[in-house]
Amino acid sequence: MSGLIVHEWLSPAGGSENVFEAIAQVFPEAERWCLWNDAGDRLQPVHETVLARTPLRGRKALALPFMPTVWRHLPERDADWVLASTHLFAHHARFGGPARDVPKLVYTHTPARYIWVPELDGRGDSLPIRAVSAALKPLDRKRAQEPVAIAANSRFIADRIADAWERESEVIYPPVAVHGFGEEPDLTAAEQDQLDALPDSFILGFSRFVPYKRLDAAIAAGRASGLPVVLAGSGPDEDRLRTIADETYPGAVTFVHHPSNPLLTAILQRASALVFAPIEDFGIIPVEAMAAGTPVLANAIGGAVESVLDGVTGRTCTTGTPRRSCARRSTRRSPRRRRSAGARTAVR
């Protein structure tokens, strides 16, 4: 049976891209589609939609009102099924030709946060998105009735699907390659120099530098615990994070840009704790941290509570939990005990 796999847009790195890659490995003969592909050769071959050939390529907020129409007018294909990996509108996908009415299955990272829970993602408060969200909600719910089956990446998202789309879904946690995080990483000389320049112990924040990822909480946790802070990743929020670091914890915050997988593994293994503060759909990086033996200080609301064992592999903290107490408790584990407990949790 031939199939078609669709995803939103493809970035060089990201949790949803990892899931898309895993799906493509399971169905190597399936044709792959996305709005635009900025992941280079990583996931090729991938077909792009017409949006990739317009000035809207990569401009998510401006392109958003046009995405539902683009997804509904994909070219003619002959296939037996469509599988959509969605966190915005990929589940709207409809091809022409024989594939037009084939069964559609959906793996849901989240119903569109911009539209359904904009309070969790400040990007949803932009004027263009707010202007169209009222019209897009009923359309999005209508399109969500088309799939023959929907999977959610966590119980947290299954509840959101029920509220937003009025559909039941089955929880299928995303695949996480945990085996390498407990092993000694193979670093280049330059990467070893980067690692050697970091403190012997530190609080870690790792993700794209965007406001809703709440990397400022890692800085606050570092201050509360008296440990230096490492922020790894990149993104448009870096200037704001640097300002917060300079004003609230001067000289104690180090930025590491675009760490490779081996360097990230080494950083995770050295960190005293990972701070994961957003209300996230699932949270792959906490699972990777636990596999490396590093405890996680996670938000008590969101998908991360389904992998972090409070008091065993980390702490789940609410807004009302004292930062100093929660941050200090999260780091009180021996490296050997943390690594074994974290690895068991990550693969359960």
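N37 lies in the loop that runs between strand 2 (31–34) and strand 3 (47–48). The model in which this residue is placed is a predicted one. In the model N37 is buried, its relative accessible area being 8%. Leaving aside residues up to four places away in sequence, N37 touches L10, Q44, V46, E48 and R57.

**The chain as a whole**

- The chain contains 13 helices and 15 strands.
- Of its 348 residues, 54% are buried.
- Among contacts with a separation of 6 or more, 58% are made by residues 24 or more positions apart.
- The accessible surface of the chain amounts to about 15,800 Å², and carbon and sulfur atoms contribute 51% of that area.

**Confidence of the prediction**

- The average pLDDT of the chain is 88, and 88% of the residues reach a score of at least 70.

- An open sheet is formed by 7 strands in the order 3-2-1-5-7-8-9, and their pairing is parallel.
- Strand 3 and strand 9 (170–171) are the edge strands, each of which pairs on one side only.
- Strand 2 and strand 3 run parallel and are joined by 2 bridges; C34 stands opposite E48 of strand 3.
- E48 is also one of the residues that N37 touches.
- Helix 1 (residues 15–26) lies across strand 1 (3–7), strand 2, strand 5 (81–86) and strand 7 (104–108), and runs at about 175 degrees to strand 1.
- Helix 6 (residues 155–164) lies across strand 7, strand 8 (149–152) and strand 9, with an angle of about 135 degrees to strand 8.

- The peptide bond leading from Q44 to P45 is cis, and its omega is near 0 degrees.
- Q44, on one side of that bond, is among the residues touched by N37.

- Strand 11 and strand 12 run parallel and are joined by 5 bridges; V230 has T254 of strand 12 as its bridge partner.
- A right-handed β-α-β unit is made by strand 11, helix 9 and strand 12.
- Strand 14 (residues 296–299) pairs with strand 15 in the parallel sense over 4 bridges, and A298 has T316 in strand 15 as its bridge partner.

**Helix 8 and its end**

- Helix 8 (residues 216–225) is mostly covered, with 9 of its 10 residues buried.
- The buried residues of helix 8 include D216, A217, I219, G222 and S225.
- G226 follows helix 8 and has a positive phi, near 80 degrees.

**Positive phi in residues other than glycine**

- R214 is not a glycine, yet its phi is positive, at about 55 degrees.
- R214 belongs to the loop between strand 10 and helix 8. R214 counts as partly exposed because its relative accessibility is 32%, a value between the limits of 20% and 50%.
- H258, likewise a residue other than glycine, has a positive phi near 45 degrees.
- H258 is placed in the loop between strand 12 and helix 10 (261–270). H258 counts as exposed because its relative accessibility is 62%, and exposed means over 50%.

Terms used
Residues are numbered from 1 along each chain as its sequence is written. This is a predicted model: local features need pLDDT of at least 70, side-chain atom pairs count only at pLDDT 80 or more; totals for chains, interfaces and linings use all residues. Side-chain values use heavy atoms; hydrogens and water are left out. Buried means under 20% relative accessible area, exposed over 50%, partly exposed in between (1.4 Å probe, protein chains only). Contact means heavy atoms within 4.5 Å. Accessible areas come from the Shrake-Rupley method with a 1.4 Å probe; for residues, only the protein chains shown count as cover. Two strands pair if DSSP finds at least two bridges between them. pLDDT is the predictor's confidence in each residue, from 0 to 100. A crossover is right-handed if, with the strands pointing away from the viewer, the path from the first strand over the helix to the second runs clockwise. Axes are lines fitted to C-alpha atoms, for helices over the stretch in contact, and angles run from 0 to 180 degrees between N-to-C directions.
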